[in-house]
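Subject: Structure handover

Hello,

Please find the structure below, with the sequence alongside. My notes on what turned up in it follow.

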Amino acid sequence: MTTSSQVKGAALPWSGLLALSATAFTAVLTELLPAGLLPSMAPALGVSESRVGFLVTGYAAASFLAAIPLTAALRGLPRRRVLGGALIGLAVSDALVALSSSYALSFAARLLAGAMGGTLWAMLAGYAARMVPAGRRGRAIAVALAGITLALALGVPAGTALAAAVGWRAAFAALAGFAAALVGWVRWRVPDFPGEPPHVRAPFLEVAARPGIRPVLSVTLFLLLGHQAMYTYLAPFARHAGFGEGRTGLLLAVFGAATVAGIWVTGLLVDRHPRGTLLAALALFASVLLVLGRYAGTPAVLVGAVALWGVAFGGAPTLIQTALVDASGPADAEVATSLQTTVYNTGIAAGSLAGGLVLDRLGAAALPWTALPLVSVALVVVTLGRRHAFPGGRGRGRPAGQPSSSVVTPKTRSRA
């Protein structure tokens, strides 16, 4: 597959974009699979269930710490080689967990997976953007990031069911095999892009200072703070609302299915109405929190609100990452998204912590009212960021010198 063929062709490069989506799916499933296997993994590793839970924490911490330095260190290498290498790292990590009876070795393997995951998250949106003309950039990013939604909605439940049927080691072994096979798909269908020579690399601080970058990162932070403060403690909130013990799984399933609908709708609208769609998603989320705060005691209202929450949140990452790539330019998108990866993980950790503190001190009823101001801040930032961060149409707000209507090629990059 050549770059020129992508620009001339009318259709999206589906096979390559689906390979990126499968990569996102693999990374998310690798990150979250231990959370569904605590009872079976704990005896085999000789530790408590809480310590098995730290295997998820270790992944997130490594992703947080590694995204920026690894992105900086690997900028000069051909991009497909880096993408394939990160997938091999995930495969090795999953294979080690499948074979290990040592908690220390398993934890070390999870740190490796987290570092590889941080590298991948810095690459995927920018890679998808470089594969298509600017006018189709949002839809390409939506396809690439759909793997996240599918992993949450289908992958984690399927992985947990597989582990129940054949054992948790077999589940990790299957995931390792899938990651290894995905390397071949990437090499076959994903186009290669050259690394950046040192003399043309934009410094991290220069990219971070571009108009639009900081507002997009701010929206990322406040959205994740609000989301995690509520989502992490959905089970105690449901109990508080009288939804019934043991029915949280239904709410999670509703949320997961709704996120699929949300990303589908976003894929249809993101290239034509990026600003309006993001404003609508954040306003819908804020309205859901208001409803949860006042009327969650009615089961039908609770389930409906969670479904609308899933629709709103399902499309938000695509919309925000598209805005970030537009603000940075596709050639420097990996730098911008490495910064966003760090902010994203900060929001997850801080939001979960804030929600836990509120739950302990004020009770579950206070959770929606905690999340609502945070999401409202994100909504205000998007409303005010019309000029650079969240313009009304595609191609505005990008850094000077970045191509607006073509795929970034080695020639255009050297002129930028």
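Aspartate 332 and arginine 75 form a salt bridge, with the closest N and O atoms 4.0 Å apart; the term stands for a side-chain nitrogen of Lys or Arg within 4 Å of a carboxyl oxygen of Asp or Glu. This pair connects distant parts of the chain, 257 residues apart: aspartate 332 is in the loop between helix H14 (299-328) and helix H15 (333-362), and arginine 75 is in the loop between H4 and H5. Helices here are DSSP runs (H or I, at least four residues), and strands are runs of E of at least two, all numbered from the N terminus.

Before the rest, a note on the source. This is a predicted model, in which local features need pLDDT of at least 70 and side-chain atom pairs count only at pLDDT 80 or more, while totals for chains, interfaces and linings use all residues. Residues are numbered from 1 along each chain as its sequence is written, and side-chain values use heavy atoms, with hydrogens and water left out.

Salt bridges

Side chains of opposite charge can pair when their charged atoms come close. How many salt bridges does a search of the whole structure find? The search finds six.

Arginine 75 also forms a salt bridge with glutamate 196, where the closest N and O atoms are 3.1 Å apart. These two are 121 residues apart, with arginine 75 in the loop between helix H4 (49-74) and H5, and glutamate 196 in the loop between helix H8 (168-189) and helix H9 (204-208). Both arginine 75 and glutamate 196 are buried (buried is under 20% relative accessible area, exposed is over 50%, and partly exposed is in between, with a 1.4 Å probe and protein chains only).

Aspartate 332 has a further salt bridge, to arginine 210, with the closest N and O atoms 3.0 Å apart. Aspartate 332 is in the loop between H14 and H15 and arginine 210 in the loop between H9 and helix H10 (213-231), so this pair ties together parts 122 residues apart in sequence. Aspartate 332 is buried, at a relative accessible area of 2%. Arginine 210 counts as buried because its relative accessibility is 12%. Through shared partners, salt bridges join Arg75, Glu196, Glu206, Arg210 and Asp332 into one network.

Aromatic rings

A pair of aromatic rings is described by the distance of the centres and the angle of the planes. The search of the whole structure finds nine aromatic pairs; rings of Phe, Tyr and Trp (its six-membered ring) pair if their centres lie within 6.5 Å, and planes under 30 degrees apart count as stacked, over 60 as edge-to-face and the rest as tilted.

Phenylalanine 25 and phenylalanine 178 are edge-to-face, because their ring centres are 6.4 Å apart and their planes at 70°. Phenylalanine 25 is in helix H2 (residues 14-32) and phenylalanine 178 in helix H8, 153 residues apart. Phenylalanine 25 is partly exposed at 21% relative accessibility, and phenylalanine 178 is partly exposed with a relative accessible area of 37%.

Tyrosine 127 and phenylalanine 193 are edge-to-face as well, with centres 5.4 Å apart and planes at 65°. Tyrosine 127 lies in helix H6 and phenylalanine 193 in the loop between H8 and H9, so the pair ties together parts 66 residues apart in sequence. Both tyrosine 127 and phenylalanine 193 are buried. Over the face of phenylalanine 193 lies arginine 130, at 4.5 Å from the ring centre; for this, NZ of Lys or CZ of Arg must be within 6 Å of the ring centre and within 35 degrees of the ring normal. Elsewhere, Tyr231, Phe255, Phe285, Trp309 and Phe313 form one aromatic cluster.

Nonpolar core

The largest nonpolar core has 53 residues, and those with the most contacts inside it are Met230, Phe237, Leu292, Leu302, Trp309 and Phe390. A core of this kind is a set of buried Ala, Val, Leu, Ile, Met, Phe, Trp, Tyr and Cys residues joined through side-chain atoms within 4.5 Å. The elements that give two or more residues to this core are H9, H10, helix H11 (234-240), helix H12 (248-269), helix H13 (274-295), H14, H15 and helix H16 (367-384). H14 gives the most, with twelve residues.

Regards
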